[in-house]
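Below is a short report on one protein model and its ligand. It covers the ligand shell, the nonpolar core and some backbone details.

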Amino acid sequence: MSNISSPGDLADFPASFKGAVFRPGDDGYAAAKRLWNARRSDQMPALIARAADPDDVVVAVGYAAEHDLTIAVRSGGHGVDCAAMADGALVVDLSGMKGTEVDPETGRATIEAGVLLGEMDAATQEHGLVVPAGTVSDTGAAGLALGGGIGHLTRSFGATVDNLLSIEAVTVDGRKLTVSADSEPDLFWGMRGAGHNLVIATSLTFQAHPVGPAVMSGVIVYPAAEAVKFLAGIDAAMTRAPRELSIPLVMLPAPPLPGLPQELIGTPILLALVIYTGPPAGYEEAMGEVGALAEPVANLVKPSSWLEANSLVDPFEPTGRRYHSAGGYLPRLDAEVAKLALERLEAAPPPTGPATGCMITFPMLGGAIFDRDEDSTAFSRVGAEWLFEAIAMWDEESADDAYAAWAADTLAAMWPRMSLSGYVNLTADRGPEWLRQVYGGAEKWERIVALKRKWDPENRLAHNKNVLRAAEED
Ligand SMILES: Cc1cc2nc3c(=O)[nH]c(=O)nc-3n(C[C@H](O)[C@H](O)[C@H](O)COP(=O)(O)OP(=O)(O)OC[C@H]3O[C@@H](n4cnc5c(N)ncnc54)[C@H](O)[C@@H]3O)c2cc1C
């Protein structure tokens, strides 16, 4: 497919397109192509078509076909690979499509594809409801849901895809389509995990659940030695904890948090992020043995709103730094995992500024994620008790190689303990062999490849963890 990126090219983009259009050299082009990860900010999409509605998406994909252009899709712009603004692509930019509609009677929430998680939470919380999704407010709900979607409510309600009821989509040959259990059910299966590869979602309808507004949330801080004890006991303690309790873990060099002893600053610590969505009065009992696993240096858990609880992670990964991440599922935690994580943090390259350079996260999964069969969605859940992710963040281009190598080496060290299947969204692309395994068994992979060949045979949706490229390199 062609790769056009000079100013003046594509001047015949249809006037019937209602949204904004940005070509290289246009005012607003640089701002329009800005993504969460600054690492690929030199990419030059051929044209960014910021759609006003699904009809605009139809116009844009028709134009891409006429000009033999690949299509990149941008919803929230949070993909770590920066695929949403690929070089030479026509970008279908959905970030302006912000509609939300919540039916308080049925708990059904419909969002357009440009809605961010914080916006979806705000709209549903007006009715005391939440769509189970991710943990950082400015992540795109669409990109997250089409890959799986995990967060603080996964233990209670499963992955985001388990709560997805239907999708309004545009195919790469320009047809508008409803995708659900009753309409194109095979495609619906594929969209729940491999959705970035198949059709363009313009809106999504979820089953939301009553949560909050009053919950308990906050951070408990452990020094390194206590982190080892905590990870050694957490799995056993959680088998007796209610699903309303979720405790994602973050290990990182201690930032200068108020109340932390000076001698800890810069040394590896464990942050246990506690989110309890049961009745606040039941919090102490819900924590049960978890509280006795290790001795914290600070306990900042307190009554909060759901919106505060689901913003706890926001400050850790701000927009505009350079990022790389590598990870997958871990069936269990133990003292060895903790020691390994501490060793890898000691081996981190020096920070390129005052902000955190490297951290290792363990989002807690399990619970309701296992209420569905592995074959119920393209999204895989084999071994998904925990997610493990090595996240490298820096600011200077000269440090790219050192940070990327740290994440890769950290993954390699953890690899023998990990499940072969994993989560396509929360890790940088690791190539064809990895992609062929990440959805689980061979039969699932073949089914995903068949869907790709049916719905996008020319690989127009080429900018993602790409199924066709991985299949053809098999
Ligand atoms: C700071 C941070 C925190 C995160 N936290 C979580 C978390 O808690 N839980 C979790 O599950 N994930 C999390 N993620 C991962 C996140 O789910 C993925 O990065 C997801 O792809 C982001 O979606 P987006 O719309 O923002 O991305 P974009 O960069 O816009 O798109 C990412 C990919 O999806 C494709 N795509 C986007 N929209 C559509 C669409 N409408 N139709 C078809 N294809 C589309 C794009 O082509 C691209 O390949 C996090 C990511 C970041 C950066």
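Which element gives the largest share of the shell around the ligand?

## Ligand shell

The largest share comes from H4, with five residues. In all, 37 residues lie around the ligand, and Gly76, Gly79, Gly134, Gly140 and Gly143 come nearest; a residue counts as near if its C-beta atom, placed from the backbone, lies within 6 Å of the molecule. Two or more residues each are given to this shell by strand S3 (71–74), helix H4 (141–147) and strand S10 (200–207). Helices (H or I, at least four residues) and strands (E, at least two) are DSSP runs numbered from the N terminus.

By residue class, the shell around the ligand has 16 nonpolar, 19 polar and two charged residues. Here Ala, Val, Leu, Ile, Met, Phe, Trp, Tyr, Cys and Pro are nonpolar, Asp, Glu, Lys and Arg are charged, and the others, Gly among them, are polar.

## Model and confidence

This is a predicted model, in which local features need pLDDT of at least 70 and side-chain atom pairs count only at pLDDT 80 or more, while totals for chains, interfaces and linings use all residues. Residues are numbered from 1 along each chain as its sequence is written.

The protein averages a pLDDT (the predictor's confidence in each residue, from 0 to 100) of 95, and 98% of the residues score at least 70. Residues 3–8 have a pLDDT below 50, and this stretch has 14 contacts in the model beyond near neighbours in sequence. Two residues are in contact if their C-beta atoms, placed from the backbone, lie within 7 Å.

## Nonpolar core

The largest nonpolar core has 159 residues, and Ile71, Leu90 and Val92 have the most contacts inside it. Such a core is a set of buried Ala, Val, Leu, Ile, Met, Phe, Trp, Tyr and Cys residues joined through C-beta atoms within 7 Å. The core lies between domain 1 (20–93) and domain 2 (214–417), because both give residues to it; the domain bounds come from an automatic or database domain assignment.

Beyond its neighbours within four places in sequence, Val92 is in contact with Ala49, Ala51, Val57, Ala60, Val61, Ile71, Val73 and Ile200.

## Backbone details

The peptide bond from Gly212 to Pro213 is cis, with omega near 5°. Pro213 lies in the loop between strand S11 (209–210) and strand S12 (214–223).

Asp68, not a glycine, has a positive phi of about 55°. Asp68 sits in the loop between helix H2 (54–66) and S3, and is exposed, with 12 other C-beta atoms within 10 Å. A residue is buried if 20 or more other C-beta atoms, placed from the backbone, lie within 10 Å of its own, exposed if 12 or fewer, and partly exposed in between.
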